[in-house]
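Hi,

Here is the structure I promised to pass on. Have a look through it when you get a moment; my notes follow below.

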Amino acid sequence: MNMTIPGRNLDTAQWQELDRLHHVHPFTDSKALNRKGSRIITRADGVYVWDSDGRRILDGMAGLWCVNIGYGRKELARVAYEQMQELPYYNIFFQTSHPPATDLAALLSEVTPAHLNHVFFTNSGSEANDTVVRLVRRYWDIKGKPARTVIISRENAYHGSTMAGASLGGMKPMHRQGGLPIPDIEHIMQPYWYALGEGLTPEEFGLRAARALEERIEHLGPERVAAFIGEPIQGAGGVIVPPETYWPEIVRICRKYDILLVVDEVICGFGRTGKWFGSDYYGLEPDLMSIAKGLSSGYLPIGGVMLSDAVADVLIEKGGEFQHGFTYSGHPACCAVAAANVRILRDERIIERAEQETVPYLQSRIREFETHPLVGEVRGVGMLGALQLAKNKDTRLMFDPPGDVGSLCRDHCTANDLIMRAVGDSMIVSPPLVISRSEIDELIDKAARALDLTARDLGIS
Ligand code: PXG
């Protein structure tokens, strides 16, 4: 099958060859990929993507956790087309603005938690978190406490791939490449009960994991600590759903020491948890909130940082010029598409309908895997789920080395035209919020088959 883009009419092998010769892929062993050739995705609709061989694949990951609204919404294409004819680009520096950026800013203040009424636009979640580092340190500087520079994050957190994003993240393999983390970023234990909570109930463990924050603040000296940052539910870390006790205790500690609470909603935002934001799900009142992905459902790149009224007051009323910004901050086409996406989510009640109908169905169906011999734990909230594979489900013995069995299972999913992500030995689902019950059935059937084939390969039954 040939696939045409202007100027090139190539078949699968030709696209793969050009890719091999010229394209360096993110988070990829390029040598290994080049041996087998990349999969070429050519189009998408609803919850499905098609590859260049014409195979229809169920996208259980909504792209990279972002296509919340589903593929193929022509309204968004139309909005981009019209906006690009009207005003394809102008910046929002130097005392200018334009309708798409201003409209989206106002719309975001409506849909985000009530006390968040200002946004700083970026082009990605990583840039949002870089902006967070600068905002947090600037905030304390303006408040006359420049020594408050340390930001505390968690091991196995993911906050992006730029220097600051990867530093905030707790991914050791990322830190090892490029001399990270940058100074004054600290990491505490993550609230991963299945892996770390042996001998404790989830509730006890949640408190223990949260109190690691208090211990670190005391160790560093509270006068040095600027903020705590966390994903409501860790996504790329393996859909780690914290015990119920965790977030209330984190909030108590942040308030006690007067440090800023930064909630990274890049995955959890815009409906992923069945509420508009993970902060709504856990009842959090963040001082700063990072957003991206579902903000535009991935149709165009855009991110941002929401500021609480209190933070905005300090930054705007007392801060003078904030020396930060990107050429494409508030890009007109990206803002117009994001606003259209948010309005569709809101006006079609996509999040509310998912919460009532398909979220409970997905959550109950993935829990059927609790009895599977390979599955040690099933985790999930909203349209997020994880099947934790374990060598011995009774003793919680994990596979060693970690990741090989997850990759094997992932390959069985792929061969069966289902996209699931393996994070170590956790199998992840994060489908578009518009997935139907029958599509969930298809996802579960295909995942079951992949698990069975994996168990067979390992001689487990
Ligand atoms: N914060 C969180 C919580 C994320 O999940 C980012 C920030 C960075 O966003 P950008 O737009 O800069 O990518 C993310 C991104 C994976 C995977 O393999 C996850 C992400 C990105 C790429 C791959 O699960 N999350």
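Let me start with Arg379, which is found in strand β13, spanning residues 375–381. Please keep in mind that this is a predicted model. With a relative accessibility of 5%, Arg379 counts as buried, because the cut-off for that class is under 20%. What does its side chain meet there? A polar atom of the Arg379 side chain lies 2.8 Å from the backbone oxygen of Val239, and a polar contact of 2.8 Å joins the side chains of Arg379 and Glu377.

Next, the ligand. Its shell holds 16 residues, and the closest are Trp65, Gly125, Ser126, Asp264 and Arg421. By class, the shell divides into six nonpolar, six polar and four charged residues.

The most comes from α6, which gives three residues.

- Ser126 has a polar side-chain atom 2.5 Å from an oxygen atom of the ligand.
- Trp65 places a polar side-chain atom 2.9 Å from a ligand oxygen atom.
- Lys293 has a polar side-chain atom 3.1 Å from a nitrogen atom of the ligand.

On its own, the ligand has 540 Å² of accessible area, and the protein covers 85% of that.

Finally, some notes on the backbone. Most residues other than glycine have a negative phi, and most peptide bonds are trans. Here are some exceptions to look at.

Leu180 and Pro181 are joined by a cis peptide bond, with omega about 0 degrees; Pro181 sits in the loop between α8 (172–176) and β8 (185–188). Another cis peptide bond joins Asp400 and Pro401, with omega about -5 degrees, and Pro401 lies in the loop between β14 (384–389) and α16 (404–415).

Gln95 belongs to the loop between α4 (74–86) and α5 (99–111) and is exposed, with a relative accessible area of 86%. Asp258 has a positive phi of about 55 degrees. Its loop runs between α11 (246–256) and β10 (260–264), and Asp258 is partly exposed, with a relative accessible area of 44%.

Best wishes

Methods. Residues are numbered from 1 along each chain as its sequence is written. This is a predicted model: local features need pLDDT of at least 70, side-chain atom pairs count only at pLDDT 80 or more; totals for chains, interfaces and linings use all residues. Side-chain values use heavy atoms; hydrogens and water are left out. Helices (H or I, at least four residues) and strands (E, at least two) are DSSP runs, numbered from the N terminus. Buried means under 20% relative accessible area, exposed over 50%, partly exposed in between (1.4 Å probe, protein chains only). A polar contact is a pair of N or O atoms within 3.5 Å; within protein, one must be able to donate a hydrogen and the other to accept it, and residues adjacent in sequence count only if both atoms are side-chain atoms. A residue is near a molecule or strand if one of its heavy atoms lies within 4 Å of it. Accessible areas come from the Shrake-Rupley method with a 1.4 Å probe; for residues, only the protein chains shown count as cover. Ala, Val, Leu, Ile, Met, Phe, Trp, Tyr, Cys and Pro count as nonpolar, Asp, Glu, Lys and Arg as charged, and the others, Gly among them, as polar.
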